[in-house]
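Please look over the model below with me, with an eye to its aromatic rings. My notes follow as numbered points.

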Amino acid sequence: MTTTIANLKVGERGVIEDLDFDNIPLILLEMGCLPGIEVELIQIAPLQDPLYIRVNDSHLAIRKETAKHITIKKF
Amino acid sequence: MGKNETIKVALVGNPNTGKTSLFNQLTGLNQKVGNYPGITVEKKTGISKLDKNTSATIVDLPGTYSINPNTLDENIVLRTLLDNNHVDYPDVIVVVADIENIKRNLLIFSQIKDLQIPTILAINMSDQLEKKGISIDIETLKKALKTEVILISARKNIGIDSLKKAILNCNFLNTKPLAVISDRIDADFFRKIKEKFPDQHLYQSWLNITQAENLNILKGDEKKAVQEFRKDGEKLKALQHKETILRYKQINDILKKSYKRDISKGTDLRSKLDKILTHKYYGYIIFGLILFVIFQSVFDLATVPMDFIDEAFAKLSNWTKGVMPGGKFTDLITEGVIPGIGGIVIFIPQIAILFLFVAILEETGYMSRVVFLMDKIMRKYGMSGKSVVPLISGTACAIPAIMAARNINGWKERLITILVTPFTTCSARLPVYAIIIALIIPQKRFLGIFSLQGLTLLTLYIIGFASALFSGYLLHKFLKVKSSSFFVIEMPNYKLPSLKNTFITVLEKTKEFVFGAGKIILAISIILWFLASNGPSDFKNAEEILKSESVNQNIDSDEYKQQLASYKLEHSYIGIMGKSIEPIIKPMGYDWKIGIALISSFAAREVFVGTLATIYSVGNNDENNTTIKQRMAAEINPETGGKQFNFPSGMSLLVFYAFAMQCMGTLAIVKRETNSWKWPLLQLFGMGILAYIAAFITYTFLS
């Protein structure tokens with residue numbers, strides 16, 4: 001099922017299919033957020049934003065507004 | 001290597017890799033912190049002995065995930081390594097990686113390697129390989145990365161000697177690039193670049209083109225040529241993305257052959273702690289408790305050493321008065337210099353404790369969880385979760401705090417953070433608060449646990465944070481600034497703070513603060529002493545005037561001496577200045593002596609206490625070792641006949657100091673960071689007017 005990181009529930013995983021490069025800073029790619037990479041949503045902050053994800057062995061926090069530009073294929 | 005040679009080494013790496021631990025391990029305390037010329041980015045350099053005849057100058061470059069900078073600090077890395085005329089341009093680069101995040105760490109390694117400077121890869125935290133279920137094939141890695149790879153543990157002092165040996169032999173390292181930057185990205189485009197800049201290696205040209213706005217080192221024809229390639233911004237961006245994807249492809253291929261990890265091991269602690277520390281209730285409760293402990297310790301733990309310092313300087317001043325011959329010079333030392341230095345030394349305990357806590361929170365990895373917890377809340381106030389770090393650091397000193405705001409990526413969020421940070425209770429306010437609280441709040445305990453004085457201090461901290469948030473909200477609503485922001489932070493692993501690193505950080509920050517702010521305080525102390533012990537004709541003729549007024553008095557009596565001293569002070573230059581502003585400050589409950597202290601506080605708040613010390617020691621011939629606090633408590637308001645520092649005027653002073661922008665150092669930093677006088681002036685007048693009104697209301701309401 002294709003969705004975005006913003007729609008994942010805690011503990012769910014998927015593989016990144018595409019990133020909307022216009023709305024994604026280069027640094028996110030440089031930290032390992034790339035097509036073909038597995039991503040897991042570890043936790044959602046108490047006020048529903050930001051999101052705490054594991055991607056490419058990195059643990060990152062990103063905002064929902066960024067997460068919705070990362071398309072994934074859910075496991 | 002020949003005799004007495006020095007090798008220039010640059011340390012590069014991601015944040016949280018233990019790069020600074022390695023720097024501390026290599027240099028010990030043989031390091032210094034300075035600034036890069038023209039900018040206020042901290043520059044850490046140190047000397048390391050490699051063998052009998054060779055030493056290394058080591059620069060600890062700011063931590064970064066990529067050579068493409070997102071912040072001013074990260075820009076230093078690019079500028080140092082891309083300009084071979086730069087003073088710190090290294091003979092060899094040590095890229096520090098850690099075993100767990102090696103994939104991401106290798107991205108910056110692969111970029112650095114392409115610069116064709118000798119590069120060593122140091123893989124840190126190797127003592128935890130087994131625990132984390134990781135195995136690395138170093139020989140394969142060396143071959144694939146075309147350079148020396150060394151396993152180290154900076155904390156446990158493992159592999160440091162091998163690293164030193166590798167640095168010594170850096171001339172024999174292979175400087176071939178990993179060859180990602182090539183026709184594989186865009187054959188046509190990169191061929192044109194090569195044709196245009198035949199003397200440079202390709203990656204250098206590529207960075208010159210993509211990072212032109214961050215470099216500004218190019219001139220003339222070269223600049224023109226670079227601009228030509230920058231015409232199609234969208235295309236450059238797409239190529240950068242492709243470059244990153246290709247780099248990771250290569251890294252993955254290399255690691256497939258040399259790195260294995262059993263992920264079932266060693267991730268337990270992180271997830272367990274995260275569940276509690278970022279929990280929707282416990283997370284905030286724990287954060288609140290931590291803040292409470294910090295502020296309670298700052299006030300309680302610091303009292304003993306502070307009282308000791310206060311007494312010691314009073315004694316020193318008296319002792320000096322006794323052993324030195326009388327005269328102007330002795331007066332300068334005992335009434336100007338010694339109380340001035342005392343006024344600086346006295347708040348070292350509080351600053352050190354605050355820095356200690358901030359350093360521990362950062363070192364353990366907890367600070368990132370706070371950022372995560374607070375981001376959504378802070379956004380309502382126009383800031384980012386990252387603004388929490390400046391706001392907490394602001395409780396030590398606004399100057400480094402405002403500099404720490406550089407990590408915030410959006411300009412508007414960063415600007416608002418810079419503007420509101422001075423509201424947080426910095427340690428320069430602490431001596432003012434401490435002495436006034438000690439004077440007007442009884443030393444009792446509430447419910448037997450919380451000291452009333454501590455609770456008052458906590459309230460002042462809360463007022464500071466609340467006004468920072470509230471003004472952030474207003475600025476967010478009314479400030480029209482165009483900016484795009486993004487938010488990406490790493491959530492590092494939890495770890496125990498290293499004693500050595502924490503100690504060095506606390507020592508450095510305290511030193512920096514004392515010598516930075518100390519110079520201003522000492523200079524002002526001396527100027528104040530001069531202004532207080534000189535004056536126009538009334539001052540010079542004080543004795544004759546007093547004699548003619550009171551004919552019957554015995555001129556040897558103590559009463560007469562007191563009268564003379566206070567008459568002199570009133571008619572000194574500073575007395576005149578204080579008196580001239582008295583009508584303005586009277587509604588807040590202050591007299592001209594406090595007026596003098598207010599005037600000098602505009603250079604730096606902490607001067608308040610020192611100034612009062614100077615004012616009250618001039619004209620105090622008491623042979624007892626009276627401390628500043630005792631002198632202030634004894635001060636009488638001539639109009640009311642009551643104590644000058646009573647509850648209403650004391651509270652009014654607390655409120656005034658909570659709001660007013662009284663720090664030249666901060667104003668100068670804000671000017672530099674925002675590149676405009678508009679913002680520091682907004683702070684000066686906005687906060688000043690707020691302080692005046694609030695203090696006026698407080699005084700009127702309480703008296």
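1. Which residues form one aromatic cluster with B:Phe189? The cluster is made up of B:Phe189, B:Phe190, B:Phe197, B:Trp206 and B:Phe229.

2. This is a predicted model, in which local features need pLDDT of at least 70 and side-chain atom pairs count only at pLDDT 80 or more, while totals for chains, interfaces and linings use all residues. Residues are numbered from 1 along each chain as written, chains are lettered from A, and side-chain values use heavy atoms, without hydrogens and water.

3. Chain B has a mean pLDDT (the predictor's confidence in each residue, from 0 to 100) of 84, with 91% of its residues at 70 or more.

4. Over all chains there are 10 aromatic pairs, meaning rings of Phe, Tyr and Trp (its six-membered ring) with centres within 6.5 Å, called stacked if the planes are under 30 degrees apart, edge-to-face if over 60 and tilted otherwise. B:Phe189 and B:Phe229 make an edge-to-face pair, with 5.8 Å between the centres and 85° between the planes. Because B:Phe189 lies in helix α6 and B:Phe229 in helix α9 of chain B, this pair ties together parts that are 40 residues apart in sequence; here a helix is a DSSP run (H or I) of at least four residues, numbered from the N terminus. Both B:Phe189 and B:Phe229 are buried, that is, under 20% relative accessible area with a 1.4 Å probe, counting protein chains only.

5. B:Phe608 and B:Tyr657 are also paired edge-to-face, at 5.1 Å and 65°, and both B:Phe608 and B:Tyr657 are buried.

Terms used: Helices (H or I, at least four residues) and strands (E, at least two) are DSSP runs, numbered from the N terminus. Buried means under 20% relative accessible area, exposed over 50%, partly exposed in between (1.4 Å probe, protein chains only).
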